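Subject: Structure for you to look at

Hello,

Here is the structure I said I would pass on. Please open it first; my notes on what was found follow.

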Amino acid sequence: MEKIIRTIHTIDAEGKILGRLATQVAGLLQGKQKKNYSPATDMGDTVVIKNASKIKVSGKKAEQKIYRHHTLHPGGLKERPFKRVFAANPTEVIHLAIIKMLPKNRLRDIRMKRLKIYV
C-alpha cells in the first residue's frame, strides 16, 4: 500500500461560476486527479477557497434557486431562496454545492473536513 501524499490547493473564487467551481473542488477532494485513484479509498487533497462572497451564478439562478430540506414532521418542508442564503452566509452556498456533488457514502464527511472556505 502506497503512502497517500496530500497537497493543499488554494482556489480564488472571485468571478467563478458556482457549479463549475464545485465540480472542480469535488474532484480534488476525492483525489480523482491522482494516478492511483480508487473510489473506495480516501486519497483526496486539502482545498482552501477564498473570496467566497464574489462567486457568480449563471442565468436566473440568483432569483429562482431555492434550497429545500424537510424536518421529517408533517408540514415540515423548509425553503430558503438563494439570495437570502447568499446574503446571510456566502460560504454556505459553496459548501452545499460541493457536498451535494460528492458521493453519498461514509467518506463524504471525512472529505468535507479537508475543505476550508473563507469570505
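Two residues are in contact here when they have heavy atoms within 4.5 Å of each other. The model is predicted, so please read everything below as computed from it.

By that rule, helix α1 meets helix α4 as follows: Leu 18, Gly 19, Leu 21, Ala 22, Thr 23, Val 25, Ala 26 and Leu 29 on the α1 side, and Val 93, Ile 94, Ala 97, Ile 98 and Met 101 on the α4 side. Sorted by class, this contact has 11 nonpolar residues, 2 polar ones and no charged ones.

As for geometry, α1 spans residues 18-30 and α4 residues 90-101; their axes come within 9 Å and cross at roughly 55 degrees. That angle makes α1 oblique to α4. The crossing is right-handed.

The largest nonpolar core has 27 residues, and those touching the most other members are Val 25, Ile 49, Ile 94, Ile 98 and Leu 115. Two or more residues each come from α1, β2 (46-50), α3 (82-88), α4 and β5 (115-117). The largest share, 7 residues, is from α1. Leaving out residues up to four places away in sequence, Ile 98 touches Ala 22, Val 25, Leu 29, Ile 49, Met 112 and Leu 115.

For the chain as a whole, there are 5 helices and 5 strands, in the order β-α-β-α-β-β-α-α-α-β from the N terminus. Of its 119 residues, 36% are buried. Among contacts with a separation of 6 or more, 63% join residues 24 or more positions apart.

Regards

Key: Residues numbered from 1 in each chain as written. Predicted model: local features only at pLDDT ≥ 70, side-chain atom pairs only at ≥ 80, totals over all residues. Heavy atoms only, no water. Axes fitted to C-alpha atoms, helices over the stretch in contact; angles between N-to-C directions. Helix = DSSP H or I, 4+ residues; strand = E, 2+ residues; numbered from the N terminus. Parallel < 35°, antiparallel > 145°, perpendicular 65-115°, else oblique. Left-handed = near helix turned anticlockwise from the far one by under 90°. Nonpolar A, V, L, I, M, F, W, Y, C, P; charged D, E, K, R; others polar. Core = buried A, V, L, I, M, F, W, Y, C linked by side-chain atoms within 4.5 Å. Buried < 20%, exposed > 50% of the residue type's maximum accessible area, 1.4 Å probe, protein only.
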